[in-house]
Amino acid sequence: MFPFLSKFLRALKIFKNSFQNNSSIQNQDAKAISSTLSTPTSSLEPTVSNNSTSPSCKKERLCKYILNETTQDSFLFSLFISTNKIDDQVSQTGRNFISFLCKKANINTPLYDRISVVKQSKNTDLIVEINKNLIFLIEDKVDSVPNNFQLERYTTNIEKTYPQANIIKFYIKTGNISRSEYNKVKKEGYVLINRTELLAFLGSSQELFTSDESFQDFLTALKERQFHYENYQNIPIQKWRYLELQAFLIHLETYFSDLFWYSCWEHSTEERRVFNYADFGYKPWKHLTSHLRIKSWKNKNNYIPTIIRLDVCLKNPKKEDISEEERREYLEILKKTASNLNINIKEDFITNHTERGSTHVAKITFKPIKVDKNGTLNMEETLSYLKTVSQIL
């Protein structure tokens, strides 16, 4: 009991000093740092389930591992800083990770003795300094996406701090990534490391960490997400969480070239709900644009059946408010074209407060996703239905 308490307090002291001084941390005890990673923190991310068909944490564990950007930062930090340990399997894995990143960036792995790692400096998640002339900027995400100009701002800040160094920017994403997010990351010159690539690297090292709970929990959390991504078509949609819905939307991107999906969270005193939006089928109308929207929502932390509906929306490219007269004029046109296709629509006026200049016009159905007899996704029928509905625009 007492050795464990001493180790835990020591880890807390390390973290406290790293945030207060915001200076390079070298040759710390990586195992002491990683021991804090299993500590639960507040998060929007659900804990790993005990579904017997998917990876799960040990049932006897008192506290389940929670994957969020705080625990992910800490895991990556401990992995980088472990390279400063001598003749240790953890050190070798850290060095292999640096080599893995260099290969992804198409540069040769430099010779080095020690590295320095800084957390949350210049608003970035991690800054890794190798031989003072090679800098890794690490921006890692779980479910969130970059804010407006966030990646560009980080680039400007680090170039001012290290004007003479070779700076390589990495974007590590363990959540699902949309086409629009992928394009934004590439546009800003970041090297993308997705969940599949990170899993492949960590999986090759897992035999060295059979007794390291923090490593195994992080790996299990990634495997859990990958399981839901790869098997969403085999899971009844009544049991879909946002992970399965996102996998479905990623699949839809291959059929609708203009599809843009994103997630956001609504907080209340009783629950946290995640919303997924997918806009596609854009058609010009006057100075506005009409489009279809798949909207889904549910309590993120349980298996209440996801509510999924299909709407018609109007958007103003200038992000100015849409008048009631314009909305009603378009609604009348919509009713006529929908009637010709035997599609029933219902007026639905909801201003989208997350994006100015966008408004709902009509509700089409609460069952846009077609299912087989066992309740699983019928992709062929779903695509056929969505393509038919898109003709009313």
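## What "buried" means here

A residue is called buried when its relative accessible area is under 20%, and exposed when that value is over 50%, with partly exposed in between. With that in hand, let's look at this predicted model, starting with the chain as a whole.

## The chain overall

The protein chain has 393 residues, and buried residues make up 52% of them. Its secondary structure comes to 11 helices and 11 strands. The accessible surface is about 19,500 Å², and carbon and sulfur atoms account for 50% of that area.

The largest nonpolar core has 40 residues. Those with the most contacts inside this core are Phe 80, Phe 97, Leu 101, Phe 136, Ile 138, Phe 170 and Leu 202.

## Helix H9, an enclosed helix

Helix H9 covers residues 242–252. Because 10 of its 11 residues are buried, H9 is largely enclosed by the rest of the structure. Which residues of H9 are buried? They are Tyr 242, Leu 243, Glu 244, Leu 245, Gln 246, Ala 247, Phe 248, Leu 249, Ile 250 and Leu 252.

## How H9 meets H11

Two packed helices are described by the angle between their axes and the distance between the axes. For H9 and helix H11 (residues 379–389), the angle is about 65° and the axes are 12 Å apart. H9 passes H11 in a right-handed crossing.

On the H9 side, Phe 248, His 251 and Leu 252 take part, and they meet Met 379, Thr 382, Leu 383 and Leu 386 of H11. The residues of this contact divide into 5 nonpolar, 2 polar and no charged.

## Two loop residues with positive phi

Most residues other than glycine have a negative phi. Asn 131 has a positive phi near 55°, and sits in the loop between strand S2 (126–130) and strand S3 (134–141). Its relative accessibility is 37%, so Asn 131 counts as partly exposed.

Lys 319 also has a positive phi, near 60°. You will find Lys 319 in the loop between strand S9 (307–315) and helix H10 (324–340). At 49% relative accessibility, Lys 319 counts as partly exposed.

Methods:
Residues numbered from 1 in each chain as written. Predicted model: local features only at pLDDT ≥ 70, side-chain atom pairs only at ≥ 80, totals over all residues. Heavy atoms only, no water. Axes fitted to C-alpha atoms, helices over the stretch in contact; angles between N-to-C directions. Helix = DSSP H or I, 4+ residues; strand = E, 2+ residues; numbered from the N terminus. Left-handed = near helix turned anticlockwise from the far one by under 90°. Contact = heavy atoms within 4.5 Å. Nonpolar A, V, L, I, M, F, W, Y, C, P; charged D, E, K, R; others polar. Buried < 20%, exposed > 50% of the residue type's maximum accessible area, 1.4 Å probe, protein only. Areas by Shrake-Rupley, 256 points an atom, 1.4 Å probe, with all protein chains shown as cover. Core = buried A, V, L, I, M, F, W, Y, C linked by side-chain atoms within 4.5 Å.
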